[in-house]
Amino acid sequence: MLNRFSRRTFARLLGSAALAPTVLPTFSALADERHSTPPAPRHFPQGFLWGSATASYQVEGAVNEDGRGTSIWDTFSHTPGKVKNGDTGDAADDHYHRYKEDVQLMKALGLKTYRFSVAWPRIFPQGTRTPNPKGLDFYNRVVDELLAHGIQPYCTLFHWDLPQALEDKGGWQSRDTSEAFANYAGYVAGHLSDRVKHFMTLNEMSSFVDLGYGNGIHAPGLKLPPEGLNQVRHHAVLAHGLGVQAIRAHAKPGTKVGLAENATACVPVIETPEHIAAAAKAYRETNAGYLTAVMEGRYTDAYLRRAGADAPKFTPADMKAIGSPLDFVGLNVYTPAYVRADDSPAGFAMVPPPASFPHMMSSWLHVGPEALYWSPKLAAQLWNIKEIYITENGASSTDVLTPDGHVYDTDRVMYFRNYLTQLHRAVSEGVPVRGYFCWSLMDNYEWADGYQYRFGIHYVDFATQKRTPKLSAHFYKEVITRNGLA
Ligand code: PNW
């Protein structure tokens, strides 16, 4: 026991014992000594990119300005009963007019990078054919403003706001949409890649496909049978692949291309070799229609077997495009999917969360920090990925502003601290994560949940558009300043 004390403590204890021989060392004396010693620094590698993310429809507003076309989210949010409180993105954060102020928020945090998305209907109001120069101008201004403040822009080309004109012709049910996406992606990359060095094709294929075309809770609100849904899935990965090719064809040399996918974050129920092996198998199979297809350029045998007669129709050329090599992989990580080893032929079984599993305001957002260790770790291992970004990670709360103007979102700070601890664990083991984007810079339009669930590290008063840094913004700033856990 004694050899665990510092020399100073030992001397002090001896001293107090000498003065008052009957007084034994107290726990409080030990605790004081411990508290005055700062915790061992847990740094991230030099140059680690700390960032924050948003998406066009969730923040921009200005839906009728400068020639923007209608998107499926305009239509959906204006359809009664689809979104909580009937909220729409008509105004959102008014970022379209306030982007300079928002770059100041980023600057104050010390952000190194910012991930935004381009609204397809601002660039091609009808989805194809004639571009709208005023739409592109907006993103030119945003990019210039970021660079003027030393913040690297990371650009997502599709974050769910599909032009309505394309939906009217079948949307993602039609392979024409995959080709239209590639044209649009090549066009934007051609114009921005003199300044933007990283492009992501699609954001969360699994979300917009399954929620938009599977259970209908997102735009365009369809509930397709399995055959149709699998084809939509295929058109999504195909759009990604054709998009990668188009970006490479039109962008400046050296431009890096990836995607941002919320791969099911498989986590072994216990960290034993057999459960870990099961989690790796599960990672490959649960993501078979999306990330696995992209990384391997093929659908797994088990995926095609499971789909049976409902399997998507595709050509070898499709699969070659889908498997186009990437410069980096972006992973959006929120919630864990627990996996155990199993005697079944698959070798794994998913373990659904019990009803008591803690979650944030969004009922799907179970708090499992290990997801931020296992998702990049398994992806890197399975596919030998050399460059990973955590393109989203964050928590929904019902934040309230105190009368003196603070937001003490201790729940979000707890969430970030624990997830970042697991990310640090991954990075320390050599998992090649190069950066992290918290979701989100500020409260915004949370899709079918409207404005009620807040994900921002800045509080937004949607009546006045006033932004207030929450406790979590102060926490994140500290992390960035230290380049380590706070
Ligand atoms: C992601 N789910 O969406 C999106 O990329 C963001 O636009 C969004 O605001 C953020 O995460 C928070 O929700 C998701 O139901 C939406 O599992 C729903 C789910 C997952 C991600």
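Helices α16 (residues 371-383) and α17 (residues 410-428) pack at an angle of about 35°. Their axes lie 7 Å apart. The model is predicted. Helix α16 also packs on a sheet, where it touches β6 and β8.

**The α16-α17 contact**

- Helix α16 contributes Leu372, Tyr373 and Trp374.
- Helix α17 brings Tyr419, Leu420, Gln422, Leu423, Arg425 and Ala426.

- Three strands make up an open sheet, ordered β6-β8-β9.
- The pairing in this sheet is mixed.
- Strands of a sheet pair through backbone hydrogen bonds, either parallel or antiparallel.
- The edges are β6 (265-268) and β9 (348-351).
- Each edge strand has a single partner strand, so one side of each is left without a neighbour in the sheet.
- Neighbouring strands are turned by 40° against each other on average, direction ignored.

**The β8-β9 pair**

- Strand β8 covers residues 336-341.
- Strands β8 and β9 run antiparallel and are joined by four bridges.
- Ala341 stands opposite Phe348 of β9.

**Helices on the sheet**

- Helix α12 (residues 273-286) lies across β6, β8 and β9.
- The direction of α12 is at about 165° to β6.
- Helix α16 touches β6 and β8, and its direction makes about 110° with that of β6.

Definitions and conventions: Residues numbered from 1 in each chain as written. Predicted model: local features only at pLDDT ≥ 70, side-chain atom pairs only at ≥ 80, totals over all residues. Heavy atoms only, no water. Axes fitted to C-alpha atoms, helices over the stretch in contact; angles between N-to-C directions. Helix = DSSP H or I, 4+ residues; strand = E, 2+ residues; numbered from the N terminus. Contact = heavy atoms within 4.5 Å. Pairing = 2+ DSSP bridges.
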